[in-house]
Amino acid sequence: MTTVSRIAPEVEWARRLLAGDESAFTPFVESFQHRIFQYTWLMCGQREDAEEVAQDTLLKIFESFDQLENPERVKAWVFRIAKNYCLMKRRKSVFAPDRELSLDELLPGQEGERPIQVADTSELPEGRVLRQELSEELERAMRELPDTYRSVVLLRDVEDLSTAETAEVLELTEDTVKQRLHRGRLALRKSLAAYVEKAQ
């Protein structure tokens, strides 16, 4: 029996747009709008900046859509545009920090130590509230990561890009992506574990 691979919706919309099908415009925007804002919000750190960057990203996508050579790589192409606008905004934003903390300053500790497990709160009576708080804490922890790690974690774990696609977006080697992803995940795990310990 032949297995038919499922085409991602955004790939299908991209193909149709490249073929001149204007009806694909709205579903394409809807498939990316929230994801682009989530990425710019966590990368820029300020809603005002994030909204402006997300809008600029969408505008740039449609101004240069004919430059998309491979519809199957549309997700990586879109987030590369978003990444570039985030970098430009951070350079001139009034909200940009004076300097960026290093990972060691953010979360001191040895990288090789035993992984810390985050407690599962889903079965507790206050599970829903705790999950909401944990989600907010994760967002805070993500924003506190240095950009070099945050961008990798966002693309790999939130947007589910492959290592190769993440490397393409960030213009890094795949080995560098793997290294930064490992350190970023470790930092998040430590930060969330500290939160859970305080909550108990």
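This is a predicted model: local features need pLDDT of at least 70, side-chain atom pairs count only at pLDDT 80 or more; totals for chains, interfaces and linings use all residues.
Reader: Where does helix 2 bend, and by how much?
Author: The bend sits at Phe-32. Its angle is about 30°.

Reader: How many residues of helix 2 are buried?
Author: Buried here means under 20% relative accessible area. Helix 2 is largely enclosed by the rest of the structure, because its buried residues number 14 of the 20.

Reader: Which residue follows helix 2, and is its phi positive or negative?
Author: The residue after helix 2 is Gly-45. Its phi is near 85°, which is positive.

Reader: Which residue forms a salt bridge with Glu-10, and where does it lie?
Author: The closest N and O atoms of the pair are 3.9 Å apart, and the cut-off is within 4 Å. The pair links distant parts of the chain, 25 residues apart. Glu-10 is in helix 1 (residues 9–18). Its partner, in helix 2 (residues 25–44), is Arg-35.

Reader: Are Glu-10 and Arg-35 buried or exposed?
Author: The cut-off for buried is under 20%. Glu-10 has a relative accessible area of 8%. Arg-35 has 18%. Therefore Glu-10 and Arg-35 both count as buried.

Reader: Which residue is linked with Glu-10 and Arg-35 in a network of salt bridges?
Author: Glu-10 and Arg-35 belong to a network of salt bridges.

Reader: How many residues apart are Arg-143 and Glu-139, and in which helix?
Author: Their side chains meet in a salt bridge at 2.8 Å, N to O. Arg-143 is partly exposed at 30%, and Glu-139 is partly exposed at 30%. They are four residues apart, about one turn, in helix 6 (residues 127–144).

Reader: Which helices does the salt bridge of Arg-185 and Asp-157 tie together?
Author: The closest N and O atoms of this pair are 2.7 Å apart. The two residues are 28 apart in sequence, so the pair ties together separate parts: Arg-185 in helix 9 (residues 174–199) and Asp-157 in helix 7 (residues 147–158).

Reader: How many salt bridges does the count come to?
Author: Side chains of opposite charge can pair when their charged atoms come close. With the cut-off within 4 Å, the count of salt bridges comes to 12.

Note on methods: Residues are numbered from 1 along each chain as its sequence is written. Side-chain values use heavy atoms; hydrogens and water are left out. Buried means under 20% relative accessible area, exposed over 50%, partly exposed in between (1.4 Å probe, protein chains only). The bend at a residue is the angle between axes fitted to the seven residues ending there and the seven starting there.
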